[in-house]
Amino acid sequence: MSYPYQITSMDQYEMAYRVSVTNPEEYWASVAQHFSWRKKWEKVLEWNFKEPNVKWFQGAKLNITENCLDRHLGEKGDQPAIIWEPNDPSENSRILTYKKLHQRVCQFAQVLRNNGVKKGDRVCIYMGMIPELAIAVLATARIGAIHSVIFGGFSAQSIADRLEDAQATFIVTCDGAFRGGKDIPLKSVIDDALIGNKTIKRVIVYTRTRTAVSMIKGRDVWWEDEMLKVTEGPGNPVNVVAEVMDAEDPLFILYTSGSTGKPKGVVHSCAGYMIWTTYTFVNVFQYNPGDIHFCTADIGWITGHSYIVYGPLSAGATSLMFEGIPTWPDAGRFWDIVDKHKVNILYTAPTAIRSLMGFGLDPLKGKNLSSLKILGTVGEPINEEAWHWYDEHIGKKKCPIVDTWWQTETGGVLISNLAGVTPAKPSWATLPMPGVQPILVDENGREVTQKDEDGLLKGNLCIKAPWPSILRTTYGDHERCRKNYFATYENLYFTGDGALKDDNGFYRITGRVDDVLNVSGHRIGTAEVENALNMHAGVVESAVVGYPHNIKGQGIYAYVIFSGNKKDEELTRKDILSTVSRVIGPIAKPDKIQFVNGLPKTRSGKIMRRILRKIAEGETENLGDISTLLDPGVVEEIKNGKL
Ligand code: PRX
């Protein structure tokens, strides 16, 4: 059977959903016909959540870059694949057509090979948002190596930990990166990360900011020099034949925070990830040929992997990549970009919308925005006020808004309305994608069936069966993957999120129910921040919780027991913050640090975070039962010292 690949009506959605859950193998085999394979699969799906073991399209052979590039060269060779908008609006934008991008990817793939990179090697990519980042990602995939992109805001220590965990052997970086008014010295951060590193054989450096860099003999080479060695020219095009990959071969590792102190390397595989990112891109955003898609995320996060690079390119779309930030040189920058490049689909984070709302309507004066057809949000719950502002002032009430819920581990969107096809509801992610079977469970893993006083079901969000781009493992530690996602509730994938469900079957994601914070759409583990705080010489102990923040969604509130001399409290705070920056990166810096003499602990020594969370949220009365505390007196002191 063949089913419509692009769903264009509610009836089609319902039909697709039904088939996808009753006969997933037939449904996904039909979707898979829309891709280019070196060899077709023998078996569509094999799975159990016990180990877990999930395999899609076993026996199939492919290379994802042939789907993202080669297959478009005929009809779309001269169409822009990537439009790049620089940080500084006075610099020229760049356009890479599919032909050009294919050529550059092949050239750099050859550079990687010349430098000794082989199939299965881990290549760490630490670059700013320039086309060469996408080129490095695709070139790595082309030769069957595994990329691990690290967001430019992470510190040397974080990079060192990730290099070690992935046993990476190659790095691709830049001298520096421009972000707003800042110039971030990426290569120098890499140099610090490499002190003591024994696995890295080669660092390839692209020149972007012309910051001074120290090139180490025998280890560091310039991107530009290496590219020149790979001759190209009329009659001599470089065409690096893509490595033939098994469907289940790993495509990339992406580190993300969990409730433990150490980030996990989420592993995605070639075929399932390709199918899911492309299928969801086409359906959620209702992509039409010629549309210009602007996803404002950074490629250092999963959103950039899936909806700047792989999904749009595999669909043959034009993907706009922006180097800078929404508020520089002024808060009208996104809108200027939309007008300049006639953007049709805009996909951004609620935190960006809230921050731009804060500038009022002035930055929108003189902006046309009429090219926009579809708007999207991702990364955190969107509050109704921000949703309506986006709808009214950006979409002019003409553009469907998709609220897309998903995670690094899910590879692509799992719950979202399909733009203009299935209904939207402000601040609700609404319906599951075909193939996605959500279930709300209580703490004991029993399905929630009792509605609350608002007539809604409320529980912990799990998924019953695998979709093609579910994570396959956590790098180097499969048991960790099992424990984290598949052991909390038997035979279910546990998302870590809480959710509500209404009578229409719509889902609203309410936020994390574990010790993970969502700060400006970035995932940060409280344990990670505590580890970093505790590294400061004067910090005896710390406890970190989230609190509601107008722009960031959640802010980081740290309670710190400090033993050293803190005559100047502000300076001590700054010292502690710079420790966190060094250990994790500036994104993990607490917004508030309260010095305390003790933390509320049970007799067994466990910190009662529930109490700390309530105090950070401004609650002083209903703190719940504190009689089990070792020293209930600390609570009063903490309440009195609240910032
Ligand atoms: O809590 C959910 C929130 O972001 C978490 C996943 O973070 P990360 O892996 O960094 O991926 C972010 C981009 C996909 C989820 O567990 N989240 C993501 N999208 C939404 C959301 N919360 C509410 N609504 C969303 N649309």
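Is Trp41 buried or exposed in this structure?

1. **Basis of the note.** The structure is a predicted model, in which local features need pLDDT of at least 70 and side-chain atom pairs count only at pLDDT 80 or more, while totals for chains, interfaces and linings use all residues. Residues are numbered from 1 along each chain as its sequence is written, and side-chain values use heavy atoms, with hydrogens and water left out.

2. **Trp41.** With a relative accessible area of 16%, Trp41 is buried; buried means under 20% relative accessible area, exposed over 50%, and partly exposed in between, with a 1.4 Å probe and protein chains only. Trp41 sits in the loop between α2 (24–32) and β1 (43–48). Helices (H or I, at least four residues) and strands (E, at least two) are DSSP runs, numbered from the N terminus. Leaving aside neighbours within four places in sequence, Trp41 is in contact (heavy atoms within 4.5 Å) with residues including Ala29, Ala32, Phe57 and Gly59.

3. **The largest nonpolar core.** A nonpolar core is a set of buried Ala, Val, Leu, Ile, Met, Phe, Trp, Tyr and Cys residues joined through side-chain atoms within 4.5 Å. The largest one holds 170 residues, of which Trp37, Phe57 and Phe108 touch the most other members. Helix α10 (residues 270–284) gives the most to this core, namely 10 residues. Because domain 1 (443–512) and domain 2 (516–640) both give residues to this core, it lies between them; the domain bounds come from an automatic or database domain assignment.

4. Not counting residues up to four places away in sequence, Phe57 touches Trp37, Trp41 and Ile275, among others.

5. **Helix α13.** In helix α13 (residues 350–357), 8 of the 8 residues are buried, so the helix is largely enclosed by the rest of the structure. Among these buried residues are Ala352, Arg354 and Met357. The buried residues of α13 pack against α12 (333–341), β18 (345–348), β19 (374–378), α14 (384–394) and β29 (553–562).

6. **Cysteines.** A disulfide is a covalent bond between the sulfur atoms of two cysteines. A search of the whole structure finds 0 disulfides, the cut-off being a pair of cysteine sulfur atoms within 2.5 Å. Cys174 is buried, at 0% relative accessible area, and its sulfur is too far for a bond because the closest cysteine sulfur, in Cys124, is 12 Å away. Cys295 is also buried, at 1%; from its sulfur to the closest cysteine sulfur, in Cys68, is 15 Å, too far for a bond.
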